[in-house]
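Open the model in your viewer and keep the selection panel at hand.

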Amino acid sequence: MTDEPLLRVRGLTKHFPVRQGLRATGLVRAVDGLDFDVRPGETLGLVGESGCGKTTTGRMLVRLLEPTSGSIEFDGRDITHAGRRELRPLRQELQIIFQDPYASLNPRHTVGRIVAMPLQVNGIKPPGGIKARVQELLELVGLNPEHYNRYPHEFSGGQRQRIGIARALALRPKLIVADEPVSALDVSIQAQVVNLLRNLQRELGLAFVFIAHDLAVIRHFSQRVAVMYLGRIVEIGDRADIYERPQHPYTRALLSAIPDVTQLGPAGRIRLTGDVPTPLDPPSGCRFRTRCWKAQDICAAEEPALVPRDGGRQSTACHFPEVAAPIFEEVPS
Amino acid sequence: MSLSPVEGLALAEIESDPDAGTPAAKGVVGRSPGQLAWLRLRRDRTAVVSGVLLVFFMVLGLAAPLIEMAYGIGPREQFQNLLDGFGMPLGYAGGVTGDHWFGLEPNLGRDIFIRLIYGLRTSLFIAFAAALITATIGVVLGALAGYLGGWLDAVINWITDLTLAMPFLIIALALTPTVTLRFYGERGQVSSAFGVGVLIAVFAVFGWTSTARLVRGQVIALREREFVEAARASGVGLGHMLFRQLLPNIWAPILVSFSLAVPQFITSEAALSFIGVGLSDETPSFGRMIYDSLDFLQTDPAYVFFPGIMIFALVFAFNLFGDALRDALDPKSSR
């Protein structure tokens with residue numbers, strides 16, 4: 001693993017204008033200044049509650065949404081505002097897996113056509129023909145290659161998600177943005193799909209940006225974890241550090257909400273009160289201060305920067321980071 | 001006379017979820033949604049009967065010259081010797097005989113059967129051509145407006161509203177004679193092809209709006225689906241997106257609107273011919289025949305009977321088939 005990041009994101013911002021008639025009346029600050037890197041072959045887990053901007057971030061990374069500002073660098077090239085022609089070679093190295101396996105496959109196309117689509121669109125002629133390559137891909141994701149001529153409605157949710165994965169792999173990408181790839185699936189199927197992704201990552205050396213709201217799935221899958229709250233990263237670091245020594249109060253609260261069968265009662269549970277503030281008008285200073293039990297005057301006045309702590313492995317955006325003992329012991333997995 | 005054949009149809013759902021219909025048979029090769037719809041259609045008795053009737057009518061229309069040869073009488077042949085002194089056909093029921101199956105026209109003495117066959121040809125040709133053109137214009141404009149949105153959507157919507165606001169009948173009444181005059185002058189002999197062309201053009205100008213709105217709505221609903229984003233993430237172009245990814249999902253409502261537009265155009269053509277702005281007497285057509293027959297409603301009721309029954313059967317079969325098609329393509333839609 002080299003130190004040169006595959007994906008370098010700086011100050012990534014997406015604001016959606018709110019219009020009433022012709023007048024712009026406000027801005028939804030869906031994503032507000034993200035900085036992170038993804039190294040080749042690495043998995044970055046992006047976690048946060050609904051509406052915190054995870055999906056918007058994912059869509060911007062594959063340029064389905066145009067960033068308002070900031071920069072995205074992929075493999076040393078700035079792709080923030082690349083046009084369709086410049087994006088072409090890039091599309092092959094940067095793919096996305098979608099959340100809803102029922103909506104992400106065209107119901108009128110056969111599986112073969114769905115998986116072959118990226119190859120045909122980009123004019124790629126694999127040795128042995130497109131059909132052979134597609135069947136190879138189907139086999140790779142654990143589907144029967146003879147299902148080439150079937151339609152999506154004949155498959156279960158988990159199988160459909162595998163088809164979506166095969167489509168994303170068709171162009172041999174270097175980085176895959178997985179936008180909640182398992183949250184629409186049954187728990188038993190989730191494990192299968194996550195394990196499939198992990199095996200693929202090992203075999204093909206893929207880097208992932210893995211978006212999820214399920215902390216257990218993220219923990220299982222990611223080497224590094226970024227915690228988002230209201231359009232910003234509040235904490236980013238190695239998996240072990242985040243899960244064992246969370247320094248941001250929000251991360252701590254999130255982790256404490258994981259049900260733990262070994263503990264009875266609400267022992268360590270931190271209960272956050274109130275709702276997430278509206279991204280139309282986020283709080284001044286630290287965005288989490290309205291629900292934080294440690295909030296002081298400085299939190300309203302000054303926005304905490306995402307500063308590296310612990311010798312640079314973990315960065316936290318908080319004026320009063322936790323330095324307490326680990327909240328969990330590492331559970332051997 | 002309304003030229004929007006698909007009102008209410010816009011509610012038809014985008015995707016006829018095949019799981020809800022017949023259980024998909026587990027063969028080695030899967031059944032496409034289209035195949036499933038075909039199976040449902042074949043199982044529907046109304047669809048089969050009306051479909052067979054339609055095919056019969058189309059064969060009649062297409063084979064008109066062959067029928068003329070077999071029948072031995074042309075559409076412009078006059079049999080004055082079979083009319084009485086007042087120009088009325090001799091014999092019963094408007095002169096029905098073994099030679100003239102549906103009798104003869106009063107005054108001119110032309111054979112009604114062969115004129116009906118040729119009238120069928122004219123009506124079907126005009127209706128299909130107009131429906132094809134309007135569907136094409138509607139699909140392209142609607143898909144562009146729906147997918148691209150923005151100012152293009154606003155412009156296309158504005159044109160649609162403008163077209164809908166124009167009174168079809170008045171403009172048809174005013175325009176058709178003017179155009180004919182412009183091309184042929186006061187005394188020129190208007191060719192039948194020209195009359196047909198003008199009618200198709202009038203229908204094309206006014207008929208595309210409902211299809212465009214239908215398609216626009218469906219495309220807007222599909223645009224946010226993830227398979228569209230997946231295609232974009234693979235870098236597909238506009239043409240591929242519209243015609244390969246989106247269009248296959250909205251074939252069902254387009255087909256239904258097409259099959260319901262055809263009878264609309266048949267009746268519209270008849271109505272325009274009836275009020276005298278459609279086809280000339282030279283071209284056999286249902287509307288023109290009914291118009292001519294009105295003078296003889298009391299003296300020769302058989303003259304209005306045959307074209308009336310024919311147009312009724314044709315339009316009825318088309319409408320039943322269109323409904324059955326909608327049921328087959330869209331089992332979940334409610335009436």
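Start with chain A: of its 333 residues, 43% count as buried (a residue is buried if 20 or more other C-beta atoms lie within 10 Å of its own, exposed if 12 or fewer, and partly exposed in between, with C-beta atoms placed from the backbone). This is a predicted model, in which local features need pLDDT of at least 70 and side-chain atom pairs count only at pLDDT 80 or more, while totals for chains, interfaces and linings use all residues. Residues are numbered from 1 along each chain as its sequence is written, and chains are lettered from A and ligands numbered from 1 in the order in which they are written.

Show the C-alpha trace of chain A, which spans about 65 × 55 × 40 Å along its principal axes. The radius of gyration of chain A is 21 Å, which agrees with a compact globule, because one of 333 residues would have a value near 20 Å (taken over C-alpha atoms; the globule rule is 2.2 Å times the number of residues to the power 0.38).

Switch to cartoon: chain A has ten helices and twelve strands (DSSP runs numbered from the N terminus, helices being H or I of at least four residues and strands E of at least two).

Next select β1 (residues 7-20) of chain A, which is joined to β2(A) by twelve bridges, the two running antiparallel. A:Arg19 has A:Ala24 of β2(A) opposite. Widen the view to the open sheet of four strands, in the order β2-β1-β4-β5 (chain A) with antiparallel pairing (strands pair if DSSP finds at least two bridges between them). Its edge strands, pairing on one side only, are β2 (23-38) and β5 (77-78) of chain A.

In chain A, 26 residues are in contact with 24 residues of chain B. On the side of chain A that touches chain B, α2 (84-91), β6 (94-97) and α3 (111-121) of chain A each supply at least two residues. That side has twelve nonpolar, six polar and eight charged residues (Ala, Val, Leu, Ile, Met, Phe, Trp, Tyr, Cys and Pro count as nonpolar, Asp, Glu, Lys and Arg as charged, and the others, Gly among them, as polar).

How values were computed
Two residues are in contact if their C-beta atoms, placed from the backbone, lie within 7 Å.
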